[in-house]
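Student: I'm new to this one. Could you walk me through it with a few questions?

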Amino acid sequence: MENTPAATSIPQVVNVQYDNSTFPTGIILDEDNYGLWSPIMEMRISSRNKVGFLTGTVAKPAIGDRTYDEWVTNNNRVKSWLIDSMTPPLMKRFIRLPTAKDIWDAVAKTFNDGSDETKIFDLNRRSFNTRQDGKPLSTYYTELVAIFQEIDQRSMSQEDTVQGVTHLHTAMSRL
């Protein structure tokens with residue numbers, strides 16, 4: 001046997017990026033909590049640089065485009081985050097929609113009629129009926145702040161047009 005130097009091989013480094021980490025929603029969408037679920041999901045999806053799949057700014061490429069498969073994978077990832085954060089009856093309602101944007105828009109249309117008049121009325125009623133009833137002051141205060149913040153958020157979202165201000169004034173005068 002000849003004494004030949006061993007061939008040295010340099011290992012090649014291959015970087016593969018996966019986003020398979022858990023996606024803790026912290027909240028499951030049901031018939032009553034869209035106002036809380038929506039901003040939490042938007043914030044978490046945005047933190048993963050995928051909010052464009054909710055807004056539609058990441059457009060679906062044509063079949064055959066070199067980015068098509070990657071878009072399908074990312075769209076399905078965002079769809080799964082949305083669906084996984086719903087109760088089973090809601091999952092059944094939205095799972096067959098083709099894009100994450102379609103799901104996001106359908107959920108918004110289902111649970112947010114745009115007028116918010118009924119919800120603002122309910123929030124005002126809750127603010128007047130909320131009592132400390134032996135709870136720690138910090139708990140009572142937190143409940144009231146959450147109610148008033150939601151009233152403010154819903155009220156401000158309607159004030160960007162003359163029609164919105166008129167609608168808000170009409171809704172508030174009925175309360």
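Student: Which residue forms a salt bridge with R93?

Tutor: Keep in mind that this is a predicted model. R93 is in helix α4, while its partner is in the segment before α1, so the pair ties together parts that are 62 residues apart in sequence. The closest N and O atoms are 3.3 Å apart, and the partner is E31.

Student: Is R93 buried or exposed, or something in between?

Tutor: Buried would need under 20% relative accessible area, and exposed over 50%. R93 has 44% relative accessibility, so R93 counts as partly exposed.

Student: How many salt bridges does the whole structure have?

Tutor: Besides the pair of R93 and E31, there is one between D105 and K101, with 2.6 Å from N to O. Another joins E143 to K135, with closest N and O atoms 2.8 Å apart. A search of the whole structure gives a total of 3.

Student: Why does N74 count as buried?

Tutor: N74 sits in helix α3. Leaving aside residues up to four places away in sequence, N74 touches K50 and F53. The cut-off for buried is under 20%, and N74 counts as buried because its relative accessibility is 11%.

Student: Which elements give two or more residues to the largest nonpolar core?

Tutor: That core has 22 residues, and those with the most contacts inside it include V78, L82 and M86. M86 touches L29, W37 and F94, among others. The elements giving two or more residues to this core are α1, α2, α3, α4 and α5.

Key:
Residues numbered from 1 in each chain as written. Predicted model: local features only at pLDDT ≥ 70, side-chain atom pairs only at ≥ 80, totals over all residues. Heavy atoms only, no water. Core = buried A, V, L, I, M, F, W, Y, C linked by side-chain atoms within 4.5 Å. Buried < 20%, exposed > 50% of the residue type's maximum accessible area, 1.4 Å probe, protein only. Helix = DSSP H or I, 4+ residues; strand = E, 2+ residues; numbered from the N terminus. Contact = heavy atoms within 4.5 Å. Salt bridge = Lys/Arg side-chain N within 4 Å of Asp/Glu carboxyl O.
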